[in-house]
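Thanks for coming, everyone. I'll take you through one model this morning. Have a look at it first.

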Amino acid sequence: MSDFLIIGGGVIGMMTALQLADAGQQVTLVERGECGKEASWAGGGIVSPLYPWRYDAAISQLSRWSEGVYPSLALRLLEETGIDPEYRQKGLLYLNVDDADKALRWARQLGKPLERVGADFVHTKEP
């Protein structure tokens with residue numbers, strides 16, 4: 001008999017089950033479809049809001065924590081399941097944002113690599 005019943009095999013349900021199992025608990029997870037699909041599938045493993053400088057400091061703090069933990073979690077999942085979560089840290093191009101100065105200030109405060117680039121740089125990355 002399980003100690004816990006989790007309904008929903010999305011990313012939150014599966015991570016909760018993993019943490020409980022790591023803590024020695026017996027867990028049953030029930031999913032009506034296929035685990036990791038629907039909204040979890042659409043999220044694509046993104047751990048940061050699209051425009052993080054537009055959110056409260058608490059969101060940035062949670063995002064930074066998640067960015068730090070995600071690489072080792074991805075490796076663990078690959079090793080334990082044989083399924084590659086395809087974690088790749090490639091960066092992001094923001095095109096034509098109205099609040100670029102705010103974004104640059106946010107990045108400086110948090111030590112994030114964010115810089116203005118020209119059209120040639122973008123064309124080189126995405127011809």
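Ala, Val, Leu, Ile, Met, Phe, Trp, Tyr, Cys and Pro count as nonpolar; Asp, Glu, Lys and Arg count as charged; the others, Gly among them, count as polar. And keep in mind that this is a predicted model.

Now the second largest pocket. By those classes, its lining has five nonpolar, two polar and four charged residues. The volume is about 150 Å³. Who lines it? The residues are W53, Y55, D56, A57, S60, R64, K102, R105, W106, Q109 and L110. Two helices each supply at least two of the lining residues: helix 3, which is 57-81, and helix 4, which is 100-110. Which helix gives the largest share of the lining? Helix 4 does, with five residues.

Take R105, one of the lining residues. R105 sits in helix 4. Its relative accessible area is 43%, so R105 is partly exposed. For scale, pick G13. C-alpha to C-alpha, R105 and G13 are 36 Å apart in space, and 92 residues apart in sequence.

Compare that with another pair, Q26 and F4. They are 22 residues apart in sequence, and their C-alpha atoms are 6.5 Å apart. Q26 is in the loop between helix 1 (11-22) and strand 2 (27-30). Q26 is partly exposed, because its relative accessibility is 48%.

Next, salt bridges. Side chains of opposite charge can pair when their charged atoms come close. How many salt bridges does the structure hold? Seven.

Start with D22 and R76. Their closest N and O atoms are 2.7 Å apart. This pair links distant parts of the chain: D22 is in helix 1, R76 is in helix 3, and 54 residues separate them. Both partners are partly exposed: D22 at 49% relative accessibility, R76 at 25%.

R76 has another partner, E80. Again the closest N and O atoms are 2.7 Å apart. Why about one helical turn between R76 and E80? Because they are four residues apart in helix 3. E80 has a relative accessible area of 54%, so E80 counts as exposed. Put together, D22, R76 and E80 are linked in a network of salt bridges.

One more bridge: K112 with E67, closest N and O atoms 2.5 Å apart. K112 lies in the loop between helix 4 and helix 5 (119-125), and E67 lies in helix 3, so this pair ties together parts that are 45 residues apart in sequence. K112 is partly exposed at 24%. E67 is partly exposed too, at 29%.

Now the loop between helix 3 and helix 4. Most residues other than glycine have a negative phi. E86 is not a glycine, yet its phi is positive, about 60°. E86 belongs to this loop. Is E86 buried or exposed? Exposed, because its relative accessible area is 57%. N96 is in the loop as well. N96 also has a positive phi of about 60°, and it is not a glycine either. At 78% relative accessibility, N96 is exposed.

L93 is in that loop too. L93 is partly exposed, at 38%. Where does that lead? To a nonpolar patch on the surface, formed by L93, L95, V117 and F121. Together they have about 350 Å² of accessible area.

That's my tour. Questions, please.

Terms used. Residues are numbered from 1 along each chain as its sequence is written. This is a predicted model: local features need pLDDT of at least 70, side-chain atom pairs count only at pLDDT 80 or more; totals for chains, interfaces and linings use all residues. Side-chain values use heavy atoms; hydrogens and water are left out. On a 1 Å grid over the protein atoms alone, a cavity is a set of points where a 1.4 Å probe fits but cannot get out, and a pocket is an open set with protein on both sides within 12 Å along at least five of seven lines; lining residues have an atom within 4 Å of a point. Grid points are joined across faces, edges and corners, and a volume is the space filled by probe spheres set on the points. Patches are made of residues with over 30% relative accessible area and no salt bridge: like charges are joined within 9 Å, nonpolar side chains (Val, Leu, Ile, Met, Phe, Trp, Tyr) within 5 Å. Accessible areas come from the Shrake-Rupley method with a 1.4 Å probe; for residues, only the protein chains shown count as cover. A salt bridge is a side-chain nitrogen of Lys or Arg within 4 Å of a carboxyl oxygen of Asp or Glu. Buried means under 20% relative accessible area, exposed over 50%, partly exposed in between (1.4 Å probe, protein chains only).
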